[in-house]
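Me: I would like to go through some labels used for this model and ask what each one rests on.

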Amino acid sequence: MFNLFYFMLFLFNKSGIIFNYLYLLSMTHILKTLNSWFWWENIWMPVNVTWAHFVDRDGLVFPKPHQLYATIPYAFILLIIRFFSERYVAIPLAKALGIKNVRRVKPQPNPVLESYFRECSKHPSQSEIQGLAKKCNCTVRLVEKWFRRRRNLEIPTVLRKFQEAFWRFSFYLTSSIAGFIFLHDTLLPSQYWYYMAEISFYWSLLFTLGIDNKRKDFLAHVVHHLAAIGLMSGSWCGNYVRLGTLVMFVHDTADFWLEAAKMFNYARWEKTCNMLFIIFSIAFFITRIILFPFWILRATLYQPTYYSTTPVIAYFLFNGQLLVLQGLHLYWGYLIFKILRRFIFLKDLKDDRSDEEEEDSVTDNEEEPAKNGNKNGCGSSKHLLNSSHH
């Protein structure tokens, strides 16, 4: 009986090993098939060109797709550099510019209001506030103040915004200088580090989307980052390095002006901010509304047809992503135009994409009912709101 049991157990284990082995074989075959399809020459190469033409030979070195794996660990290295630069460079610089780290006033825990804030609305109407006040046995003003303080917790502090702007300014300025130098250097090592830094940077931005300052064009930024990574990775794999370098350089040369304007805006250096934003606007419209479509897109859309009447699939993949980028450029150009128009006619230079912190002042008349235990109040000021404020 026991021998039969052990025999059946042996067969079961044996069959499990065989099944796992067959499963690994099938998965390996599927991955190899997908890999061969992905690198099919008809997708990437024009007629009479094969991957054999891009094998290192006679001192010539070509980009290799497996080198892109390094961008993920490089992205984490950039995150470490960002942490230390924001902490030990951005914060002292912010203090020197007069930016203070103001601690937000947290509303006291209230399950009813918290549930309504999360599930219903962050901006309740006046009638809804009155209903919540009755339900919590509070005054209407205290409920309004609770929602103001709770909304403010969702908005990054000015110091946090300054730190983020400083990091982006530092990278975009460095990459712009490097891109200008590398455009005159045809050697692969310089192009390699330029590509690795740019792709890693956009990976790091994707990794920190959940903690960075959220704006109303959040989705546009996600699409932009994914399109940028796809374009840079594809151009590296297909040896379109010169074109990729031009695209990256055109983008970076305008961005650092915007981040510099943000930094001085947070420091309330109004005239400097206005001047930098005008420079950014000029650079943006020149590089992304003029040069990008009429120089780069012209080269990628029309010039390949002079050499081949049958475009490869990569032609449509790359140009599709470039057109997506141009669509984002037009969208952001429209937002910039609105800001400039308001600045020219109303002298108001405000970014509509960012939420502003609401005023949170407390008067003696508001706190007095709670302190005296008024029946219409919340019983105690400590029950709903933190009485300490700045």
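Me: Why is Arg82 called buried?
Reply: Buried means under 20% relative accessible area, exposed over 50%, and partly exposed in between, with a 1.4 Å probe and protein chains only. Arg82 has 6% relative accessibility, so Arg82 counts as buried. This is a predicted model: local features need pLDDT of at least 70, side-chain atom pairs count only at pLDDT 80 or more, and totals for chains, interfaces and linings use all residues. Residues are numbered from 1 along each chain as its sequence is written, and side-chain values use heavy atoms, leaving out hydrogens and water.

Me: What makes Arg82 and Glu86 a salt bridge?
Reply: The term requires a side-chain nitrogen of Lys or Arg within 4 Å of a carboxyl oxygen of Asp or Glu. The closest N and O atoms of Arg82 and Glu86 are 2.8 Å apart, so the pair qualifies. Glu86 is also buried, at 7%.

Me: How far apart in helix 3 are Arg82 and Glu86?
Reply: They are four residues apart in helix 3 (residues 71–96), and therefore separated by about one helical turn. Helices here are DSSP runs (H or I, at least four residues), numbered from the N terminus.

Me: Which residue forms a salt bridge with Glu86 at 3.5 Å?
Reply: Arg160 does, by its closest N and O atoms. This pair links distant parts of the chain, with Arg160 in helix 7 and Glu86 in helix 3, 74 residues apart.

Terms used:
Helix = DSSP H or I, 4+ residues; strand = E, 2+ residues; numbered from the N terminus.
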